Amino acid sequence: MNAPLRMSHAHHSAAAKLRNRLLEPLLHLGFALTGVGTVLLGCILPQLSAQWHLRDKDAGLLLLVQFATSASGALLVRRNLWRTLACGYALFGAGGIGIFLLQQRSLPVFAVYGLGLGLAMTSTNMLVGRHYPNRMGAALAILNFSWSAGAVACPLLAAQFMLHAASGSAFGLLGLLVIPFALLPVLADRHDFAAPMVPGPAPAGIKEAATIVYFALLAFLYVGMEASVGNWMSTYATRTTAWKFAGGSLALAVFWTALLLGRAMTPAMLGLLTERRLYRVSVIAAIAGISLLLAAHNPPVLLAGSALTGLALGPLFPLILSLFLGEIGGSRNAGWVFAVAGLGGAVLSWLTGTVSSGTGSLRIGLMVPGAAALLMMALITWRGTNQEGRTTGNQQEAVLQPTTTGKT
């Protein structure tokens with residue numbers, strides 16, 4: 001009598017194991033495609049601006065819409081992470097196809113595209129952070145490595161694709177590739193749909209608000225720096241060095257490759273440095289890298305600045321995310337940090353284009369991410385000074401420890 005039940009249970013267990021085995025690599029592959037989707041506009045911006053007759057401030061408006069709606073998407077991510085993941089990929093894909101169909105009239109569709117990106121990226125980050133509470137830092141570093149891999153591949157693939165198709169076609173192709181990932185929740189266990197967010201003690205009241213404000217500002221500045229440099233690098237390279245589109249794509253590929261390498265090296269670097277020191281070293285190196293970009297008048301200096309800036313930015317976001325999720329616990333307000341982070345990409349990318357149009361110099365426009373790096377350094381120094389000798393500082397060290405040891 002029990003044999004059929006045991007066989008049924010065995011088949012169910014085998015199917016569940018197969019689904020789990022497929023789910024994680026597909027989550028990483030989908031996250032890599034969000035990396036492609038995030039940087040695609042900046043990557044093809046020189047050709048898109050020429051084809052659509054855009055000024056720098058017009059191009060900056062497209063970036064503003066994409067990143068602002070991506071930030072709004074992060075706010076919509078609550079407890080049902082799998083549902084928001086599915087909605088995110090569906091909107092992301094539909095937006096890409098819509099941009100291809102509408103071309104110059106696609107400004108409103110960039111809002112759909114960005115909203116889908118925000119939902120998909122935030123849901124994935126929180127799902128992975130929740131699934132690996134004891135080694136959150138390492139898991140998020142690996143996940144964001146996948147995002148960076150997509151960002152690295154994008155300019156190289158786009159340079160080849162643009163030889164055979166119009167710029168808007170790249171969004172259409174990406175949309176078709178992304179839509180199937182809306183079915184990822186089918187592979188998840190049903191009990192995961194209502195599972196709590198990252199476990200841990202949740203701060204309350206003023207402490208929670210202060211924590212959210214601090215990390216939101218830090219994330220705003222970091223994503224703003226990364227987005228501004230990444231979105232305008234290709235355009236800057238073609239103007240500064242008289243390179244054609246392929247040369248600009250090379251500079252952008254160097255930036256994203258260096259960021260990928262920096263992210264991959266994060267666990268090893270945390271074995272040598274505390275998180276506070278790694279923050280400071282990374283931000284100082286980012287300031288130096290952006291300074292090289294501002295001083296560049298020839299390809300070698302430009303490529304060196306691209307490489308140093310990317311390498312310096314690589315460790316920052318996984319550390320910010322791991323530290324925040326570990327400190328904030330199960331708060332329902334965690335989405336604010338992701339939202340404000342995306343808003344940083346929107347505001348600083350737009351501001352870079354606006355300053356460039358106003359001054360007639362994209363070199364001056366790129367001072368915007370440089371100023372953000374300086375402000376980020378000031379915030380880190382301020383909080384480090386305030387937390388000296390406090391218990392909270394020791395708790396933060398413990399949160400980041402899994403990145404190197406796998407223990408809490």
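**Close-up views of a predicted model**

**Figure 1. A salt bridge between two buried residues.** Burial applies to both Arg263 and Glu226. The model shown in this and the following views is predicted. The side chains of Arg263 and Glu226 form a salt bridge, with a distance of 3.9 Å from N to O. The pair links distant parts of the chain, for Arg263 belongs to helix α9 and Glu226 to helix α8, 37 residues apart. As a general principle, side chains of opposite charge can pair when their charged atoms come close.

Figure 2. Arg239, with a relative accessible area of 49%, is partly exposed.

**Figure 3. The salt bridge of Arg55 and Asp58.** Arg55 and Asp58 are joined by a salt bridge in which the closest N and O atoms are 2.9 Å apart. Asp58 has a relative accessible area of 23%, so this residue is partly exposed.

**Figure 4. The aromatic pair of Tyr89 and Phe181.** There are 9 aromatic pairs in the structure. In this one, the ring centres of Tyr89 and Phe181 are 5.7 Å apart and the ring planes stand at 40 degrees, so the pair is tilted. Tyr89 is part of helix α4 (residues 81-102), whereas Phe181 is in the loop between α7 (167-178) and α8 (205-240); the pair therefore ties together parts that are 92 residues apart in sequence. Tyr89 counts as buried because its relative accessibility is 0%. Phe181 is also buried, with a relative accessible area of 9%.

**Figure 5. The aromatic pair of Trp147 and Trp256.** The centres of these two rings are 5.5 Å apart and their planes meet at 70 degrees, so the pair is edge-to-face. Trp147 lies in helix α6 (residues 136-161) and Trp256 in helix α9 (residues 245-270), so parts that are 109 residues apart in sequence are tied together. Are Trp147 and Trp256 buried or exposed? Trp147 and Trp256 are both buried.

**Figure 6. An aromatic cluster.** Phe92, Phe110, Tyr113 and Phe171 make up one aromatic cluster.

**Figure 7. The largest nonpolar core and the surroundings of Tyr89.** The largest nonpolar core has 111 residues. Which of its residues touch the most other members? They are Tyr89, Tyr222, Trp256 and Met376. Helix α8 gives the most to this core, with 17 residues. In soluble globular proteins, nonpolar side chains tend to be buried together. With residues up to four places away in sequence not counted, Tyr89 touches Gly30, Phe31, Thr34, Ala120, Thr124, Val178, Ile179, Phe181, Ala182 and Leu184. Phe181, among these contacts, is the ring partner of Tyr89 in the tilted pair.

Figure 8. How many cavities of 30 Å³ or more does the structure hold? There are 3, and the largest cavity has a volume of about 380 Å³. Its lining consists of 27 residues, of which Thr38, Met121, Trp147, Val223 and Phe317 lie nearest the centre. The elements giving two or more residues to this lining are α1 (3-43), α3, α5 (107-131), α6, α8, α9 and α13 (335-359). Helix α8 provides the largest share of the lining, 6 residues.

**Figure 9. Ser70 and its contacts.** Ser70 belongs to helix α3. This residue has a relative accessible area of 10% and is therefore buried. Apart from neighbours within four places in sequence, Ser70 is in contact with Gly114, Leu115, Leu117, Gly118 and Met121. Met121 is also one of the residues that lie nearest the centre of the largest cavity.

**Figure 10. Ala288 and Thr309.** Ala288 is found in helix α10 (residues 275-295). With a relative accessibility of 36%, Ala288 counts as partly exposed. Ala288 and Thr309 are separated by 21 residues in sequence and by 7.6 Å in space, from C-alpha to C-alpha.

Key. Residues are numbered from 1 along each chain as its sequence is written. This is a predicted model: local features need pLDDT of at least 70, side-chain atom pairs count only at pLDDT 80 or more; totals for chains, interfaces and linings use all residues. Side-chain values use heavy atoms; hydrogens and water are left out. Rings of Phe, Tyr and Trp (its six-membered ring) pair if their centres lie within 6.5 Å; planes under 30 degrees apart count as stacked, over 60 as edge-to-face and the rest as tilted. Helices (H or I, at least four residues) and strands (E, at least two) are DSSP runs, numbered from the N terminus. Buried means under 20% relative accessible area, exposed over 50%, partly exposed in between (1.4 Å probe, protein chains only). A nonpolar core is a set of buried Ala, Val, Leu, Ile, Met, Phe, Trp, Tyr and Cys residues joined through side-chain atoms within 4.5 Å. Contact means heavy atoms within 4.5 Å. A salt bridge is a side-chain nitrogen of Lys or Arg within 4 Å of a carboxyl oxygen of Asp or Glu. On a 1 Å grid over the protein atoms alone, a cavity is a set of points where a 1.4 Å probe fits but cannot get out, and a pocket is an open set with protein on both sides within 12 Å along at least five of seven lines; lining residues have an atom within 4 Å of a point. Grid points are joined across faces, edges and corners, and a volume is the space filled by probe spheres set on the points.
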